[in-house]
Amino acid sequence: MSALLEVKGLTRYYGALKAVDDITFSLPAGTILGFIGPNGAGKSTTMRIIATLDVPTSGEVLLDGKSLVARPDQARPLLGYMPDRYGTYDDMTVFEFLDFFARAYRLRGNERKARVDSVMDFTGLMPLKDKLTSELSKGMKQRVALGRTLLHDPKLLILDEPADGLDPRARIELRELLRALASQGKAVLISSHILTELSEICDTCAIIEQGHLLATGTVQEVLSRTSNAAAFSEVELTLWAGAGMPLEEIARKTERLLLEQPLVTNVSVLNNALRFRLELAVGATPASGWVEEASVRVLKVLVNAEIPVTSFRTREHDLEDAFMSVTKGRVQ
Amino acid sequence: MSAQAVTAREPDAFDRFGEQLADRINPIVVKEVRQGLRTRVFWIFFSLMLVACLFISLFAFAASDGIADKAGQATFIAYFVCLGFVQFFVIPYAAYRSMAREAEDETWVLLTLTGIGPRRILAGKLGSSVLQGILYASAATPFLLFSYFLNGIDLPTIIVGVVISMGYQIFLVSVSVSLATLAESRLVRSLLHFVLLGVLLQGLGFGITGAVLIGEFAQKVTSTAAFWLTSLAVLFGMITTGLLLFESAAARLSLATEDYARGARFVYAIQFIGAGLLFLWGWSISGEAEVLTAGSVTLSVYATLVGLFVASDRDGMAKVHWVSGGRYALLKPGGLRGFVLVISLLMLMAVAFTGLALGEGTLPMGAMLVLVAAPAFALLMLSLPVVVARWIPHPPWQTPAMIRLVFLGLIVLMTGVPPLIGEIVSDADDLFLNALNPVVGLINIERQSHDAMPLVLLVWGIAVGLGFSAFFSLRSRDTEWLA
Ligand SMILES: Nc1ncnc2c1ncn2[C@@H]1O[C@H](COP(=O)(O)OP(=O)(O)O)[C@@H](O)[C@H]1O
Ligand SMILES: [Mg+2]
């Protein structure tokens with residue numbers, strides 16, 4: 001089965017600026033793809049093109065197998081787009097706002113009523129039905145905007161930085177809503193410049209910087225690929241002072257030992273804990289599993305020297321590290 | 001009990017009718033009305049206008065014994081100033097703001113995505129403004145009628161005043177809404193805002209001057225055909241120009257895959273043909289054949305300046321429309337079809353007016369030759385830029401902007417350079433030097449009358465040659481595009 005959305009070699013110039021550079025990825029129905037990158041990476045530009053609001057300089061986007069660049073009019077009923085500014089009107093209630101867009105989508109009479117009701121139900125807006133949109137909190141405004149994208153029951157949702165500026169509770173609620181939508185079989189494309197927002201929401205992620213796609217795949221794939229690709233890893237170990245020698249002395253001895261080992265740098269002592277870094281020489285290409293290999297070697301040395309180590313662990317990689325390692329630290 | 005049941009059922013049926021109606025009308029109108037009724041601006045101006053009209057009435061009533069027969073006229077004008085302020089300033093300005101905010105708040109793209117289309121969005125804005133205007137006007141109508149009872153103004157004048165003011169309002173709202181669609185960046189937006197304020201203040205001035213003129217003179221002339229002709233011409237001009245602006249804004253905002261040209265071309269054709277008919281009516285009323293010459297010149301200028309935008313549309317069109325229309329579906333997008341449409345209308349007018357003038361036979365030779373030559377200059381000025389722009393190899397696709405630029409350059413060159421040469425070379429033959437000058441050339445033809453006959457033939461010959469050359473180059477482009 002082919003993916004619902006296929007983006008092939010998408011490129012967009014603004015004058016001489018390459019905002020999007022040869023981006024390729026696909027998105028099957030029922031999955032959530034996180035589009036991660038710093039401000040100005042080209043996320044919004046890519047999403048606007050997929051939403052038929054802009055045209056690529058070159059490249060192709062297929063939605064349900066058909067080119068949406070050639071026939072935006074045919075693609076529009078299949079997609080729901082939420083811009084980073086939510087786009088609501090003043091002087092309108094939640095109901096009137098949704099009802100207006102339902103009319104614009106040519107829903108008539110009872111069908112429209114049913115649709116608007118079901119969307120308000122789903123997004124939990126029923127109690128706020130008659131409130132003016134201008135009086136809503138940011139989280140609620142965003143739900144109104146999300147509700148609007150659902151009115152015509154699209155297959156693909158494109159949400160540009162929806163979690164930006166939301167409080168943690170609203171963010172968790174958003175995650176639940178998106179999960180529910182994905183389980184209904186909708187494909188969701190969601191962007192953020194804040195990584196932690198997305199790591200729990202997405203099935204797959206795509207890391208973008210300066211218009212380039214740096215890594216794509218399931219969250220697990222990107223993590224393992226980037227942790228291998230990383231040129232360093234943080235290690236923390238704790239010591240036990242019950243063996244006669246004072247803690248300080250043990251710590252100093254451990255520090256000395258560690259500094260003699262190859263690849264070990266940045267050793268720091270904190271009471272009974274030591275932190276250090278395993279780091280490859282500049283320019284060396286990381287081989288798969290080098291961190292594990294080096295850790296085992298260091299631990300062996302410590303144990304042979306009868307250092308009382310009670311714990312030894314390399315810090316787990318998360319999306320944040322993955323992001324830092326593939327973008328080579330070019331973000332603030 | 002039963003009475004209750006009846007009163008309970010009635011609004012139900014009414015509601016259902018209202019809902020069905022609201023289902024069918026433009027959703028933008030529904031939205032704007034809902035929003036409009038909630039804003040303070042509407043109610044403030046509505047009550048202000050009513051209070052002002054009430055004051056005027058009281059004042060007029062109190063003073064009516066003293067200034068006897070002028071009272072009606074003065075109050076009519078006073079009412080009109082109040083109504084005009086709302087209709088010619090407040091409503092168009094609100095329409096501009098409402099349209100500009102769609103772009104500012106990025107709700108415009110959301111509307112576009114619903115598939116509602118730029119044309120319906122603009123129509124919704126226009127429609128809701130007209131609705132508001134009707135509301136204000138109907139609130140003011142009883143007062144206007146009151147001025148009738150004060151004497152000094154007749155009923156036809158009042159009706160013409162109200163109808164023309166509605167037409168003028170449609171025109172101003174179209175200008176405002178179309179201006180708002182140009183506001184793509186913040187800088188342009190703030191610039192346009194000033195332009196709009198200028199235009200609307202000017203427009204308000206014109207509107208009130210118009211009301212004064214109607215109030216002053218109408219009574220003496222409402223019985224004449226010339227009055228009705230003028231009123232109709234003014235109304236027709238305002239409404240069709242408003243619609244033309246509206247349709248071109250809609251066309252500009254449409255996707256290339258949409259059938260975007262239809263509305264604008266239709267209004268163009270209507271305006272051209274309508275204006276032609278108004279000139280014919282003027283000719284039949286006045287019995288003076290010079291009206292035909294004036295018509296020929298006016299329509300030729302119109303065909304050149306406005307038609308240029310139709311004739312220089314971008315090449316080709318979406319293949320979907322090609323399949324359903326064919327090469328000469330003149331209302332469909334594409335440079336070739338636009339060019340053929342403009343030239344066909346021009347030739348139709350040239351043949352009709354020349355035929356009628358010849359049939360009547362009272363036209364002096366000079367005026368006759370101008371009548372015949374004017375369309376030739378229009379054909380020349382429309383074809384030449386197309387031909388020249390096609391010689392320029394880059395960019396490979398002839399953009400509409402390029403053709404319009406070339407047109408501008410050619411106009412400057414052809415009207416400015418020959419007289420300049422005439423100044424330098426003192427013994428140059430002015431007649432032939434300015435043969436292709438659309439301004440001096442026409443004046444020369446009028447002056448020289450009989451001697452200018454070969455000149456007219458020459459202009460026609462060159463124009464027809466260039467016309468065909470433009471046509472064939474457009475057609476070959478079209479074929480290339482489709483291949
Ligand atoms: N309309 C535009 N005109 C010119 N440059 C633009 C335009 N839109 C975006 N850009 C530029 O393209 C790059 C990518 O922008 P964008 O897609 O908005 O990034 P993101 O959404 O990832 O923050 C930025 O350098 C931005 O300045
Ligand atoms: Mg962005």
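Contact here means heavy atoms within 4.5 Å. By that criterion, 29 residues of chain B meet 34 residues of chain A. This is a predicted model: local features need pLDDT of at least 70, side-chain atom pairs count only at pLDDT 80 or more, and totals for chains, interfaces and linings use all residues. Residues are numbered from 1 along each chain as its sequence is written, chains are lettered from A in the order in which they are written, and side-chain values use heavy atoms, with hydrogens and water left out.

**Buried area**
- Chain B and chain A bury about 2900 Å² between them, counted as the accessible area (1.4 Å probe) lost on being put together, summed over both.
- Carbon and sulfur atoms give 55% of that area.

- Three salt bridges (side-chain nitrogen of Lys or Arg within 4 Å of a carboxyl oxygen of Asp or Glu) join chain B and chain A.
- One salt bridge pairs D90(A) with R101(B), at 3.0 Å from N to O.

**The chain B side**
- Helices are DSSP runs (H or I, at least four residues), numbered from the N terminus.
- On chain B, α1 (2-24), α2 (27-38), α4 (71-104) and α5 (107-113) each supply at least two residues to the side that touches chain A.
- The most comes from α2(B), with seven residues.
- By class, this side of chain B has eleven nonpolar, seven polar and eleven charged residues.

**Chain A domains**
- Chain A is assigned domain 1 (3-216) and domain 2 (231-316); the bounds come from an automatic or database domain assignment.
- The centres of these two domains of chain A, taken over C-alpha atoms, are 46 Å apart.

How values were computed. Buried area is the accessible area (1.4 Å probe) that two parts lose on being put together, summed over both. Ala, Val, Leu, Ile, Met, Phe, Trp, Tyr, Cys and Pro count as nonpolar, Asp, Glu, Lys and Arg as charged, and the others, Gly among them, as polar.
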